[in-house]
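Q: I would like to go through this structure step by step. Could we begin with the overall picture and then turn to single residues?

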Amino acid sequence: MNSNATTLTSGAAALAGGLDVEAIRQDFPILHQQINGYPLAYLDSAASTQRPVQVIDAIRRYYTHDHANVHRGVHTLSHRATDIYEGARETTRRFINARSTREIVFTRGTTEAINLVAATLGQRLGAGDEILISAMEHHSNIVPWQMLCEQRGTILRVVPINDRGELLLDEFEKLIGKRTRLVAITHVSNALGTVNPVQQIVASAHARGIPVLIDGAQAIAHQAVDVQAMDCDFYAFSGHKMCGPTGIGVLYGRESLLETLPPWQGGGDMILTVSFSGTTYNELPYRLEAGTPHIAGAAGLGAAIDYLQKIGMEDIARHEADLLAYASQALGEVPGLRLVGTAAHKAGVASFNIDGIHPHDIGTVLDQHGVAIRAGHHCAMPVMERYGIPGTARASFAFYNTRTEIDQMVGALRLAIRMFA
Ligand code: 7TS
């Protein structure tokens with residue numbers, strides 16, 4: 001295996017006019033195994049993607065050669081670790097086209113990024129102030145706001161969705177109002193696959209002077225994201241959903257807004273001076289990153305971004321759109337199967353139910369045939385409530401998936417239907 005994180009072993013190197021998926025798959029050791037006697041068909045990338053050797057090697061190289069604490073050492077290893085950590089910040093900045101690395105705050109993931117905003121910006125809110133979210137949010141873009149509402153008497157307003165799983169934009173326009181202090185909306189729904197018109201939402205909120213947080217967890221690895229073009233104020237995402245490590249994520253924040261946020265967690269690195277008569281705080285982004293950070297995570301995240309960019313976000317989006325179209329057609333031909341989430345603009349998520357079979361049973365039978373999907377409420381219980389169902393079976397796609405894997409899933413589903421008949 002290649003140990004150089006900046007060179008692709010085979011996958012992206014061989015590309016010309018579309019993805020050479022078989023070559024890309026050579027970069028993902030985990031995909032080459034049998035599960036219950038079948039080749040693994042990993043169709044659960046919305047929960048977490050897999051990692052290429054380039055990312056695994058970057059982490060191993062970091063711990064093998066370069067590890068020390070960051071931002072404090074005078075010695076060589078500390079300088080190297082700092083360069084790797086800050087290099088990953090610059091790589092991330094470029095990836096989402098932020099204006100400055102001061103706008104890139106490393107967090108544990110999307111969940112922590114949203115909680116950071118709730119705990120800081122939220123301190124400004126009072127009784128009767130409103131936060132506007134949508135009916136298709138992941139729990140991590142619901143519960144932090146509900147906690148804030150309990151603490152401060154803030155009110156949560158929810159934009160409803162139609163039966164296809166699309167945001168009702170006329171309702172959004174009715175719900176956004178004089179008391180709205182923040183709009184917090186997902187870019188792509190993890191349960192339905194809906195891609196929301198975030199640019200339009202941001203423009204509408206900004207026309208009223210209201211900031212917008214976008215939950216990018218399900219978008220970041222599947223399409224090009226440009227925070228300046230989108231003009232959002234916050235954009236949150238997780239490393240593990242973009243071929244990077246778990247335990248690291250990003251809060252992008254518009255610098256002029258981040259500057260106004262109070263410190264969040266207190267500790268080392270976020271201060272300039274500390275005495276018992278008072279403390280002065282560090283500049284952005286360090287002011288919002290207390291304590292020793294996940295340096296190896298940043299090393300892995302930087303390598304993951306390099307990898308995605310070498311493959312190309314446009315080609316990734318095109319390949320996943322092909323997989324979604326193929327899967328939607330094939331699933332649509334399975335008797336008794338109903339797709340949940342049929343928005344006009346969808347990402348690579350196919351949620352479905354089959355008459356008479358519980359989603360968990362679907363997941364178990366598929367696993368017996370080597371197919372990994374997620375079954376349940378997908379941490380989006382209000383979506384399930386909206387459709388009056390306990391959960392769905394959900395196949396989700398990444399650039400390393402193939403039509404053959406979808407065939408394997410559909411074949412196993414047909415067997416499941418016969419088993420449960
Ligand atoms: N927002 C969305 C839209 C998500 O899909 C998820 C995770 C999160 C936030 C939280 O991300 P974390 O990395 O902080 O946990 N979604 C899923 C999923 O669909 N299946 O498992 C996790």
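This is a predicted model: local features need pLDDT of at least 70, side-chain atom pairs count only at pLDDT 80 or more; totals for chains, interfaces and linings use all residues.

Q: How do β7 and β8 pair, and over how many bridges?

A: Strand β7 (residues 180–186) pairs with β8 in the parallel sense, and four bridges are found between them. Within this pairing, T186 stands opposite D215 in β8.

Q: Which way do the residues of β8 point, and are they buried or exposed?

A: In strand β8 (residues 212–215), V212 and I214 point one way, while L213 and D215 point the other way. All four residues are buried.

Q: Let us change topic. What is the mean pLDDT of the chain?

A: The mean is 95, and 96% of the residues reach 70 or more. Residues 1–17 are a stretch where pLDDT stays under 50. For that stretch the model has 39 contacts beyond four places in sequence.

Q: What domains does the assignment give?

A: The assignment gives domain 1 (5–48 + 312–420) and domain 2 (55–310). Their C-alpha centres lie 27 Å apart. The contact between them takes 40 residues from domain 1 and 38 residues from domain 2.

Q: What does L308 touch?

A: Apart from neighbours within four places in sequence, L308 is in contact with F95, A221, M242, C243, M313, I316 and F399.

Q: Next, T92. Where is it found, and is it buried or exposed?

A: T92 is in helix α3 (residues 76–96). Its relative accessible area is 0%, so T92 is buried. Not counting residues up to four places away in sequence, T92 touches I104, F106, F237, V250, L301 and I305.

Q: How many residues of helix α4 are buried?

A: Eight of the 11 residues in helix α4 (residues 110–120) are buried, and the helix is mostly covered. The buried ones are T110, E112, A113, I114, L116, V117, A118 and T120.

Q: What covers them?

A: The cover for the buried residues of α4 includes β4 (104–107), α5 (143–152), β8, β9 and β10 (249–253).

Q: Turning to loops, where is E166, and why does it count as buried?

A: E166 is placed in the loop between β6 (155–159) and α6 (169–175). Its relative accessibility is 19%, and buried means under 20%, so E166 counts as buried. Leaving out residues up to four places away in sequence, E166 touches M136, P160, I161, T194, A343 and A344.

Q: What about A47: where is it, and what does it touch?

A: A47 is in the loop between β3 (41–42) and α2 (53–66). At 24% relative accessibility, A47 counts as partly exposed. Not counting residues up to four places away in sequence, A47 touches H240, K241 and R394.

Q: One last residue. Where is I30, and which residues is it in contact with?

A: I30 has its place in the loop between α1 (21–25) and β1 (34–35). With a relative accessible area of 36%, I30 is partly exposed. Leaving aside neighbours within four places in sequence, I30 is in contact with L40 and Q50. The C-alpha atoms of I30 and Q50 are separated by 7.4 Å, and the two residues are 20 residues apart along the chain.

Key: Residues are numbered from 1 along each chain as its sequence is written. Side-chain values use heavy atoms; hydrogens and water are left out. Buried means under 20% relative accessible area, exposed over 50%, partly exposed in between (1.4 Å probe, protein chains only). Helices (H or I, at least four residues) and strands (E, at least two) are DSSP runs, numbered from the N terminus. Two strands pair if DSSP finds at least two bridges between them. pLDDT is the predictor's confidence in each residue, from 0 to 100. Contact means heavy atoms within 4.5 Å. Domain bounds come from an automatic or database domain assignment.
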